[in-house]
Amino acid sequence: MAAKRTATRREWTKQDLRDLKSLAREYTPARSIGRKLRRSEGAVRQKAYAVGISLSLRGRATKNRGK
């Protein structure tokens, strides 16, 4: 029987938070942010909510049209 992989909890570093904020500003989807930070999409969404970062993509495409 194969060994079961367990989740390892890692603290969010200041660099992780900076990366999360900058990627969110670039309208990167939560799934892609999770891959870049080596975290799950759910962990990224929870942390973004906890620190007040919006990951919603709805309406973002229209905001950049005026540029």
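I take a residue as buried under 20% relative accessible area, exposed over 50% and partly exposed in between, with a 1.4 Å probe and protein chains only. The model is predicted: local features need pLDDT of at least 70, side-chain atom pairs count only at pLDDT 80 or more, and totals for chains, interfaces and linings use all residues. Residues are numbered from 1 along each chain as its sequence is written, and side-chain values use heavy atoms, with hydrogens and water left out.

**Entry 1: salt bridges**

In one of them Arg39 pairs with Asp16, the closest N and O atoms being 3.0 Å apart. This pair links distant parts of the chain, 23 residues apart, with Asp16 in helix H1 and Arg39 in the loop between H2 and H3. I take helices as DSSP runs (H or I, at least four residues) and strands likewise (E, at least two), numbered from the N terminus. Asp16 is buried at 13% relative accessibility, and Arg39 is buried at 14%.

I also noted Glu41 with Arg45, whose closest N and O atoms are 3.2 Å apart. Both lie in helix H3, 4 residues apart, about one turn of the helix. Glu41 is partly exposed at 33%, as is Arg45 at 42%.

**Entry 2: H2 against H3**

I looked up the packing of H2 (residues 30-37) on H3 (residues 41-51): the angle is about 105° and the axes are 8 Å apart. The axes are lines fitted to C-alpha atoms, for helices over the stretch in contact, and angles run from 0 to 180 degrees between N-to-C directions. H2 is therefore roughly perpendicular to H3, a class that spans 65 to 115 degrees, against under 35 for roughly parallel, over 145 for roughly antiparallel and oblique for the rest.

In contact (heavy atoms within 4.5 Å), Ala30, Arg31, Ile33 and Gly34 of H2 meet Glu41, Val44 and Arg45 of H3.

**Entry 3: the faces of H2**

I listed the buried residues of H2 as Ala30, Ile33, Gly34 and Leu37. They fall within an arc of 100° seen down the helix axis, so they line one face; the arc is that of the directions from the axis to the C-beta atoms. Their cover includes H1 and H3. The face turned away carries the exposed residues Arg31, Arg35 and Lys36.

**Entry 4: positive phi**

I recorded a positive phi of about 65° at Tyr27, which is not a glycine. Tyr27 lies in the loop between H1 (14-25) and H2 and is partly exposed at 31%. Arg38, also not a glycine, has a positive phi of about 60°. Arg38 sits in the loop between H2 and H3 and is exposed at 73%.

Methods:
A salt bridge is a side-chain nitrogen of Lys or Arg within 4 Å of a carboxyl oxygen of Asp or Glu.
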